[in-house]
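I open this notebook with one structure to look through, and I will take the entries residue by residue before turning to the whole chain.

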Amino acid sequence: MLSLLDTATGKVAPLDPRDQGRISVYLCGPTVSGSPHLGHGRVTVIWDTLRRYLTWSGFDVRFVSNVTDIEDKIIARATEEGSSTSEVAARYEALWWETMAALNVARPDAEPHATAYVDEMVKLVADLVSTGHAYRGGDGVYFSTESVPGYGLLARQDVGTLRVGARVEAEREAGKRSPLDFALWKLAAPGEPAWPSPWGPGRPGWHTECVVMSLDLLGEGFDLHLGGLDLAFPHHENERAQAVAAGKVFARRWAHNGMVVDERGEKMSKSVGNITSLPDLVQRYDGRALRALVLQAHYRSPMNVTVEVLEQAQGAVDRLDTFARETRDLGPAAPDPGMLARFRARMDADFDTPGALAVVFEAVRDARAEPARAPALAAAVRECCEKAFGLRLRGEQEEAGLEVMALVARRDAARAARDWAAADSIRAQLQDMGFVVEDGPHGTVVRRER
Ligand SMILES: [Zn+2]
């Protein structure tokens, strides 16, 4: 069974599913107020890999990840553009899913939107007010962190230290009793989008949506709550505090991934060299290069992204493609059981993806050194890369080669004859087969969709 570090206890322990054979997972999703950044690339790819690995291991995984479609930053962007919050949210949500597809990150089983859960959130806030865990402050309703014993668990720091850190932030929010208290409901300023509530028209606080949605869609005591380390405190701790105050059993386990950092080790989310955002990166690089880069770092370590390391990761992907092509004619074979066992042993040991990737490259070397073992090792490499890592190797493209090349030739002929309808219909056919079709200087260029 897969072991992971539990942020709440600080210990590595095997997952112990609530329901046998099933694993319920919640990952905090995007606030759709702008382009996704490199940090989003890491958090989505690493936890998508966990999901794929658990599924491959035979678990029925239910993976829920929310979309925050109402929030201060969305309101600010809509005001700046003179558009509406729903327009801004829809545009950046579309960009989010498009970028995720380029990284081969699978869509969640459920994608709850904050605006669809406002009634449930109002109910929770009203419940917390009635039990004395929340109070009406200057511009909204606040949660009283002092009312929950053990507040600060996920920060793994004592509350006194946390309080000092929170003070500066708190000065901006008058009406809070303690600097650690946080907004559950924000009263709307004139012109802001608002929903009715017993405290006046307003919008829910971000910390409230995840607790309501995760419990609604996964039930009490769900298995695993995931996110970037920057969310452990205060966001996840604030989710947990509300669940505790409401008398609910919340996530049984917490796991957090490390941050993306620059050469100096400082948290970086925006630009690397001339790459300014995640959509920009997937335009310029093979999405699989970023996947490989994420796998090369242990999920809890800081991860450095530079043009050099991206190119090295691309080199690793290219070596795997070469191996897939070299071995594509070996015929079907059962995956080498020893290699699969070594791969699983690394993955199960606190999700050691760099160790598991090393097992894959060892198998590539072994297959070349011992041709008799090559078919089984090649089958194992492919299985691990595609099923567990979500890295589709390009050996398969050549298998479809003749048919594809014939379609490409027909499309070029149609274009030369200015038969645009035929050219478009062949393009659609190639796209249906999973290819991206582009017009190059020498005719049609196809590549497998990533
Ligand atoms: Zn969340």
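Does Gln-242 count as buried or exposed? I counted its surroundings in the model, which is a predicted one, and found 28 C-beta neighbours inside 10 Å, so Gln-242 counts as buried.

**Entry: Gln-242 and its helix**

I placed Gln-242 in helix α7, which covers residues 232–245. Leaving aside residues up to four places away in sequence, I listed what Gln-242 touches: Leu-124, Leu-128, Phe-143, His-207, Thr-208 and Val-211. I also looked up Val-129, which is 113 residues from Gln-242 in sequence, and found the two C-alpha atoms 11 Å apart in space. In helix α7 I also found Pro-234, and the peptide bond that joins Phe-233 and Pro-234 is cis, with omega at about 0°.

Asn-104 has a phi of about 60°, and I found Asn-104 in the loop between α3 and α4, the latter being residues 118–130. With 20 other C-beta atoms within 10 Å, Asn-104 is buried; since the cut-off for buried is 20 or more, I note that the count for Asn-104 is 20.

**Entry: Leu-5**

For a separation across the model I took Ser-144, which is 139 residues from Leu-5 along the chain, and the C-alpha atoms of the two are separated by 29 Å.

**Entry: domains 1 and 2**

The division I worked with gives domain 1 as 3–257, domain 2 as 283–395 and domain 3 as 400–448. The C-alpha centres of domain 1 and domain 2 lie 33 Å apart, and 19 residues of domain 1 are in contact with 20 residues of domain 2. On the side of domain 1 that touches domain 2, I found that β1 (3–6) and α1 (38–56) each supply at least two residues, and that α1 gives the most, with eleven residues. Sorted by class, that side of domain 1 has eleven nonpolar, five polar and three charged residues.

**Entry: α2 against α3**

How do the axes of α2 and α3 cross, and within what distance do they come? I found that the axes of helix α2 (residues 72–81) and helix α3 (residues 85–102) come within 8 Å and cross at roughly 110°. The two helices are therefore roughly perpendicular to each other, since angles of 65 to 115 degrees count as such. From α2 the contact is made by Ile-74, Ile-75, Arg-77, Ala-78 and Glu-81, and from α3 by Thr-85, Glu-87, Val-88 and Ala-89. By class I recorded five nonpolar residues, one polar and three charged.

**Entry: Cys-384**

I found Cys-384 in helix α13, residues 374–388, and counted 25 other C-beta atoms within 10 Å, so Cys-384 is buried. Apart from residues up to four places away in sequence, Cys-384 touches Phe-343, Val-360 and Phe-389. Pro-335 is 49 residues from Cys-384 in sequence, and the two are 9.5 Å apart in space, C-alpha to C-alpha.

**Entry: the whole chain**

Finally I looked up the totals for the protein, in which there are 16 helices and 14 strands. Of its 450 residues, 45% count as buried. Along its principal axes the C-alpha trace spans about 70 × 55 × 45 Å. The radius of gyration is 25 Å, which agrees with the value near 22 Å that a compact globule of 450 residues would have. Among contacts between residues at least 6 apart in sequence, I noted that 73% join residues at least 24 apart.

Technical notes:
Residues numbered from 1 in each chain as written. Predicted model: local features only at pLDDT ≥ 70, side-chain atom pairs only at ≥ 80, totals over all residues. Helix = DSSP H or I, 4+ residues; strand = E, 2+ residues; numbered from the N terminus. Rg over C-alpha atoms; globule rule 2.2 N^0.38 Å. Buried ≥ 20, exposed ≤ 12 C-beta atoms within 10 Å, placed from the backbone. Contact = placed C-beta atoms within 7 Å. Domains from an automatic or database assignment. Nonpolar A, V, L, I, M, F, W, Y, C, P; charged D, E, K, R; others polar. Axes fitted to C-alpha atoms, helices over the stretch in contact; angles between N-to-C directions. Parallel < 35°, antiparallel > 145°, perpendicular 65-115°, else oblique.
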